[in-house]
Amino acid sequence: MINERADRATASAAPCRVTVCRGCCCGDPAKIPGVDHSGQIPRLRAALDGAAPVRASECLDVCDQANVVVVQPSAAGRAAGGRPVWLGLVNDDAALADIAAWIRSGGPGLAEPPGVLDLYAIKVSRRVREALEG
């Protein structure tokens, strides 16, 4: 009984997770010049201030949308119906700030994203989604 409660508490406390593509095109200054690609992940981590872990991923297979960021809902967000949100063309610090503010407010399932993030939202194939969620 105690272990069940501890497991539920741990699951409900699981934060959002952020995946930043750093494959063949995302993070490539030759494809997207004028962006500080190497500084993007540290700036996002700093803006999140511990609210969610950020990891780099190999190619997420949506190269035409570089740079790609995927926001996975927290356990509570998923329980509330939140699903992963894929964002493309994330190539400026204002977008990173909006993403971080949304996650700090709860993220998918718990908080509405800033309206400007609608401009970054992308649809990906089921094959691509399942590869990340797998």
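Two strands count as paired if DSSP finds at least two bridges between them. Keep that handy for the exercises below, and remember that the model is predicted.

**Exercise 1. Work out which strands pair with strand 1, and in which sense.**

Step 1: Take strand 2 (54-57). Strand 1 runs parallel to strand 2, with four bridges between them, and Cys21 sits opposite Ser57 of strand 2.

Step 2: Now strand 3 (69-72). Strand 1 and strand 3 also share four bridges, but in the antiparallel sense; here Val20 has Val69 as its bridge partner.

Step 3: Strand 1, helix 2 and strand 2 together form a β-α-β unit, and its hand is right.

Step 4: Check the cover. Four of the five residues in strand 1 are buried, so call this strand mostly covered.

**Exercise 2. Check the length of helix 2 and find what covers its buried residues.**

Step 1: Helix 2 has twelve residues, and at 1.5 Å a residue they should span 16 Å. The end C-alpha atoms lie 17 Å apart, which agrees.

Step 2: List the buried residues: His37, Gly39, Gln40, Ile41, Leu44 and Leu48. As background, residues three or four places apart on an α-helix point the same way, because there are 3.6 residues a turn.

Step 3: Look at the cover over those residues, which includes strand 1, strand 2 and helix 4.

Step 4: Step off the end of helix 2 and you reach Asp49, with a positive phi near 50°.

**Exercise 3. Describe the largest nonpolar core and say which element gives the most to it.**

Step 1: This core has 21 residues, and Val18, Leu44, Leu48, Val90, Ile99 and Ile103 have the most contacts inside it.

Step 2: Strand 1, helix 2, strand 3 and helix 4 (93-104) each bring at least two residues. Helix 4 gives the most, with six.

Step 3: Zoom in on Val18. Beyond its sequence neighbours within four places, its contacts include Leu44, Leu48, Pro53, Val69 and Ile103.

Conventions
Residues are numbered from 1 along each chain as its sequence is written. This is a predicted model: local features need pLDDT of at least 70, side-chain atom pairs count only at pLDDT 80 or more; totals for chains, interfaces and linings use all residues. Side-chain values use heavy atoms; hydrogens and water are left out. A nonpolar core is a set of buried Ala, Val, Leu, Ile, Met, Phe, Trp, Tyr and Cys residues joined through side-chain atoms within 4.5 Å. Buried means under 20% relative accessible area, exposed over 50%, partly exposed in between (1.4 Å probe, protein chains only). Contact means heavy atoms within 4.5 Å. The expected span of a helix is 1.5 Å times one less than its number of residues. A crossover is right-handed if, with the strands pointing away from the viewer, the path from the first strand over the helix to the second runs clockwise.
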